[in-house]
Amino acid sequence: MSTNANDLRNPLKRARGLGSAQSGVGHWWTQRVTAAGLVLLGIWFVVLVLGLLHADYATARAAVAKPWNAVLLVAFLITAFWHAVLGLQVVIEDYVHTRWKEIFLLVAIKFLAVLGALAGALAVLRIALGA
């Protein structure tokens, strides 16, 4: 910002009203909480997959059908997609400088994330409910 030689206002006074939109902290916290959730859910997921390493299809299906495994798998999917959207949103906002492209990409990633999370949850629910 260039300063005008005739502008005698204090720098803080000049900057007032030009700050954040007050949503950055919430976004930051949500990204950290989803990351922490992914660490815990990721450890559970790796243990589950390693336990099923040499299992047949019926055993793997039965493991996913267990209520706690189904719930945790859906939670893992939702958390992973949510965290991905938050991260991609930051990248798009920082590096895409054409407004219509930015809006298009933000809407597209949110749409694809919801679609992916719903498809994953549906697949888990079909296995868990025996469909």
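Q: Is Trp-29 buried or exposed?
A: Trp-29 is exposed, because its relative accessible area is 52% and the cut-off for exposed is over 50%. Bear in mind that this is a predicted model.

Q: Which helix is Trp-29 in?
A: Trp-29 lies in helix 2.

Q: How many aromatic pairs turn up in the whole structure?
A: Three. One of them is Trp-28 with Trp-29. The ring centres are 5.2 Å apart and the planes sit at 85°, so this pair is edge-to-face.

Q: And how accessible is Trp-28?
A: Trp-28 has 41% relative accessibility, so it counts as partly exposed.

Q: What about Trp-44 and Phe-45, how are their planes set?
A: Trp-44 and Phe-45 make a tilted pair, with 50° between the planes and 6.3 Å centre to centre. Trp-44 is buried at 18%, whereas Phe-45 is partly exposed at 29%.

Q: What does Gln-31 touch?
A: Setting aside residues up to four places away in sequence, Gln-31 touches His-83, Leu-86 and Gly-87.

Q: New topic, helix 5. How many residues, and what is its reach?
A: Helix 5 has 30 residues, 99–128. From first C-alpha to last it reaches 43 Å, close to the expected 44 Å.

Q: Which residues of helix 5 are buried?
A: Among them are Glu-102, Leu-106, Ile-109 and Ala-113. Further along the helix, Ala-117, Gly-120, Ala-121 and Val-124 are buried too.

Q: Why would residues three or four places apart point the same way?
A: An α-helix has 3.6 residues a turn, so such residues face the same way.

Q: What do the buried residues of helix 5 pack against?
A: Helix 3 (57–65) and helix 4 (67–95).

Q: And Ile-127, what is it in contact with?
A: Leaving out neighbours within four places in sequence, Ile-127 contacts Arg-61, Val-64 and Ala-65. Ile-127 is in helix 5. At 27% relative accessibility, Ile-127 counts as partly exposed.

Q: What comes just after helix 5?
A: Gly-130, with a positive phi of about 75°.

Key:
Residues numbered from 1 in each chain as written. Predicted model: local features only at pLDDT ≥ 70, side-chain atom pairs only at ≥ 80, totals over all residues. Heavy atoms only, no water. Helix = DSSP H or I, 4+ residues; strand = E, 2+ residues; numbered from the N terminus. Expected span 1.5 Å × (residues − 1). Buried < 20%, exposed > 50% of the residue type's maximum accessible area, 1.4 Å probe, protein only. Contact = heavy atoms within 4.5 Å. Phe/Tyr/Trp six-rings, centres within 6.5 Å; stacked < 30°, edge-to-face > 60°.
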